[in-house]
Amino acid sequence: MPINYGSMPFNKAVEAFRDKLNLPTASWTDIYEGQHARAFVVAGAMKEDLLNDFRASVDKVIADGMSLKDFRKDFDQIVSKHGWGYNGGRNWRSRVIYETNLYQSHNAGRYAQIQQVKRTRPFWQYVHNDAVEHPRPEHLAWDGLVLDADDPFWQTHYPQNGWGCKCRVRTLSRRDMERLGKTGPDQSPAIEYEDQVVGVRGPSPRTVSVPKGIDPGFAYNPGRAAFGEQLADDVMQQYQRTRNQWQTRTPEGWAEAGRPQQIPLASSPAKLGPRLQNKAEVYDQLQSLVGEQKLYRPGGLPFLLNSKALSEHIDPARAEFLPLLDDLLTNPYEVWLSFQEHTGTGKVVLRSRIVKAYDIGRGRNLIAVANVSKGFLESWTFIPTSRRNYLNSQRKGLLVYGEEE
């Protein structure tokens, strides 16, 4: 049976999970907060076939209601099949994978569901689950709290709010409020932040600031992140503010935005490669440059480059530019986010665009543009700088990263 909430099948929970991209990660902190709503990760699972097997099992948990007991059978088989050496005990590790994916997909789906009834049920109530063995004091304090559905509190405190947290949100109508003896919402709590260190067992521990009572990595709304609302809102607001400025592309407009009108040339990190004969040679070239697959985070937005998949979409005659691709994705000059209409479907998608310009020697220059959507490298191009106006036409939307001068 699929996950249900009351009598309604939780199709949105299934959608939230199935829309994720597989990402190999060494640690759960490789990506952070809302990025987990867009990516399926199992910390320490670095191979695509291992992730695919875990993904298939977790899909059964979310779509079919598979029990923890049955998931552990899958867990044991997958570990044995791949010889995977994981950290932590078997029962603890399997429970973390099972519960975190189940609850966060459920919470994302629930958020999407209650958005549809916000007009008639405009208040949300925080509900603590008393079945938790070691309840957090802050979660107990929030139990029964009633706030407007649009209160900023829900952007960081919408459950799940920590490992093993089983809190939830329920909706209230004005009649429900009357039954509770309330004439309006409660006062929104002041949010106190504290510094915590994450990734202490990995190669790059770092300090993060999180609201008190929320575990690091959980201070986000899984529904807003999963269905693009959080990122889309930020991008749309910035896009509307800067649209005319970028479209006119006057020197004054660029200066006001703090960016140069013309992207400066970077020294080429490598010589151009040979022109290749077929896709098999392209695949071999990609493997030698980036490996079988590589995780990139230009502008903090993660995506996976898979050499086999990418080689199927590259014209061998254009493969000479491949030696520059890794540098473009690792050390971009700018990364932009903008809305675009998808060719063929007409659906508006949120796309990140990575840009840079190169001096490749002997008086030759290139401009480079790569497009990423939903965690995949969709397209890339290297063209002569005589078409620099083309490069500037790609620099629009929300600037999420810009190399400092």
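## Around Leu328

Setting aside neighbours within four places in sequence, Leu328 is in contact (heavy atoms within 4.5 Å) with Ile354, Val355, Lys356, Tyr358, Ala368, Val369, Ala370 and Phe382. This is a predicted model, in which local features need pLDDT of at least 70, side-chain atom pairs count only at pLDDT 80 or more, and totals for chains, interfaces and linings use all residues. Residues are numbered from 1 along each chain as its sequence is written, and side-chain values use heavy atoms, leaving out hydrogens and water.

Buried means under 20% relative accessible area, exposed over 50%, and partly exposed in between, with a 1.4 Å probe and protein chains only.

Helices (H or I, at least four residues) and strands (E, at least two) are DSSP runs, numbered from the N terminus.

## A three-stranded sheet

Now to an open sheet of 3 strands, ordered β6-β5-β7 with antiparallel pairing; strands pair if DSSP finds at least two bridges between them. β6 (146-148) and β7 (168-172) are the edge strands, each with a single partner, so one side of each has no neighbour in the sheet. Strand β5 (residues 123-127) pairs with β7 over 5 bridges, and Val127 has Arg168 of β7 as its bridge partner.

Trp124 and Tyr158 form an edge-to-face pair, because their ring centres are 6.0 Å apart and their planes stand at 70 degrees. Rings of Phe, Tyr and Trp (its six-membered ring) pair if their centres lie within 6.5 Å; planes under 30 degrees apart count as stacked, over 60 as edge-to-face and the rest as tilted. Trp124 is in β5 and Tyr158 in the loop between α6 (153-157) and β7, so the pair ties together parts 34 residues apart in sequence. Trp124 is buried at 0% relative accessibility, and Tyr158 is buried at 2%.
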